[in-house]
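Trainee: I would like to learn how to read this model. Please take me through it feature by feature.

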Amino acid sequence: MKQRELLKASSVILKKAKEFGASLAGFASVEELKKAPSFSFAPQMQGAGEGIGTRKNDLDLRPGEAVWPDNAKTVLVIAVEHPDDKPEMDWWFGRSDPPGNKVLANVIRQLCTWIADTYNIGVFHMPYHVEKGGTYLKDASVLAGLGCIGKNNILVTPEYGPRVRLRAMTMDVDFPSTGPTRFDPCSTCDEWCRKGCPQKSFENKIYDSKDYGQDILPGRDGSFSRPQCNIQMEKNNVDAKEEVIKESDKPVKLIKYCRNCESACPIGKT
Ligand code: B12
Ligand code: SF4
Ligand code: SF4
C-alpha cells in the first residue's frame, strides 16, 4: 500500500472499529511490542508459568514467549467500556464468558472479516491468553496510545478511566502507531485505587529495578503483588452464589470478581 492509502486506511479502520462497538481503538507496532516490559518481566516473575493466570497450552510457551503469526506487523487493540452501572458485563455466568468478553470478541471478529475483505490484508484474531498465542494487552494498549498503566497496574484511559476490557488482532501491514501518549493522571493523585484494595496488593514494594534489569515493573514501581490479588479472585469464586438471571431458565452461579482498583479511580467518571 502506498503511504497515502495507508494513512487513509488506518483512519477508516479505526472508525470502523468504533462502528462495530469498540469504545477505543489504536495501532501498536509488533516490533515495539516485543520489547515491552511485560515480555521481559514475565519470565523472571516468581512462580512464572505456574498457577495464577496461567493456562495449559498446546504451544509449549513459557511466560514472556509469544508466537506471532507470519508477517504480523501491526497490532490493532480495542477497548470496550465496562461502566459502573453495567456490572453484569464482567460477571461469569457459571462457566460461560462474561457478556463484555463476548462484545470484545465479536468486534474483533467483525474487524478481521471486514479488513481482510476490504484491503486484502492478512489478519489474526489474538486469543485472550498470552500462552495460547495472545499478547500482553495492557502493554499493547499503552503503545497504541489508549492510555497509561496506572498505579493500580492496569490501563487507565482518559475517557473511561480503568473501566475497560481489551482485545487485539494482528495485521500484516505496517500501520503507523497511534501512541504512546503523555497522559498520566496518577502523578498527582491520592491513590484511591490502592487504598481500595481488599487484599492490600500494593502495600509493599516487592520488586526492585536492579534485580530485574528494568525500571518498569508491576504496579509501575514494583508494588503490585499478583498472589495477593489472586487470593481475592479465589475468594470471589468461593463466594459466588446461584442467582436467577434473564439469560438462563435455571439459576446459575454468578462469579463477580473484585474490581475495586478500577471502580475507586475517579478518572473517566462523569
Ligand atoms: C494473568 C492476568 C491476571 C492475573 C494476574 C494479574 C497480573 N497483572 O499479573 C490475575 C488473575 C490476578 C488478574 C487480576 C486482575 N485482572 Co487480569 N489479566 C491477566 C492477563 C491474562 C495477563 C496479565 C499478565 O500476565 N501481565 C504480565 C505481567 C508480567 O505483568 P503485570 O503485572 O501486568 O505488570 C506489567 C505492566 O504493569 C507493565 N507496565 C507497567 N508500567 C508500564 C508502562 C509502560 C509504558 C508499558 C508499555 C508497560 C507498563 O509492565 C509490568 C511488567 O514489568 C491479562 C490479559 C492479557 N492477555 O494481557 C488480564 C488483564 C490485565 N486483567 C484485567 C483485569 C480487569 C483484572 C482485574 C481487575 C480482575 C477483574 N475483575 O477482571 C484484576 C486487576 C489486577 C491488577 N490491579 O493488576 C484486564 C485489565 C483491563 C485494563 N483496564 O487494563 C486485562 C487486560 C484483561 C481484559 N479482560 O481486558 N489478572
Ligand atoms: S486512583 Fe489515582 S493513582 Fe489510582 S489509577 Fe486512578 S488516577 Fe492513578
Ligand atoms: S482486583 Fe481487587 S484484590 Fe486485585 S488488585 Fe484490584 S482491588 Fe486489589
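Mentor: Start with the ligand shells: a residue is near a molecule or strand if one of its heavy atoms lies within 4 Å of it. The model is predicted, so local features need pLDDT of at least 70 and side-chain atom pairs pLDDT 80 or more, while totals for chains, interfaces and linings use all residues. Side-chain values use heavy atoms, without hydrogens and water; residues are numbered from 1 along each chain as its sequence is written, with chains lettered from A and ligands numbered from 1 in the order written.

Trainee: Which residues surround ligand 2?

Mentor: Lys151, Asn152, Val156, Cys186, Cys189, Glu191, Trp192, Cys193, Cys265, Pro266 and Ile267. For classes, Ala, Val, Leu, Ile, Met, Phe, Trp, Tyr, Cys and Pro count as nonpolar, Asp, Glu, Lys and Arg as charged, and the others, Gly among them, as polar. This shell has 8 nonpolar, 1 polar and 2 charged residues.

Trainee: Which helix gives the largest share of the shell around ligand 3?

Mentor: Helices (H or I, at least four residues) and strands (E, at least two) are DSSP runs, numbered from the N terminus. H8 gives the largest share, 3 residues. H8 (226-239) and H9 (260-263) each supply at least two. The shell includes Cys197, Cys229, Cys258 and Cys261. By class it has 8 nonpolar, 3 polar and no charged residues.

Trainee: In what order do the strands of the open sheet run?

Mentor: Two strands pair if DSSP finds at least two bridges between them. Here 4 strands form an open, antiparallel sheet in the order E1-E2-E7-E4. E1 (24-29) and E4 (123-125) are at the edges with a single partner strand each, so one side of each lacks a neighbour in the sheet. E2 (74-81) and E7 (164-171) pair over 8 bridges. Ile78 has Arg167 of E7 as its bridge partner.

Trainee: At what angle do the axes of H1 and H4 cross?

Mentor: Two packed helices are described by the angle between their axes and the distance between the axes. Axes are lines fitted to C-alpha atoms, for helices over the stretch in contact (heavy atoms within 4.5 Å). Angles run from 0 to 180 degrees between N-to-C directions. The H1 and H4 axes come within 10 Å and cross at roughly 150°. The two helices are therefore roughly antiparallel (over 145 degrees; under 35 is roughly parallel, 65 to 115 roughly perpendicular, the rest oblique).

Trainee: Which residues make the contact?

Mentor: Ala9, Val12, Ile13, Lys16 and Ala17 of H1 meet Val107, Leu111, Trp114, Ile115 and Tyr119 of H4. They divide into 9 nonpolar, no polar and 1 charged.
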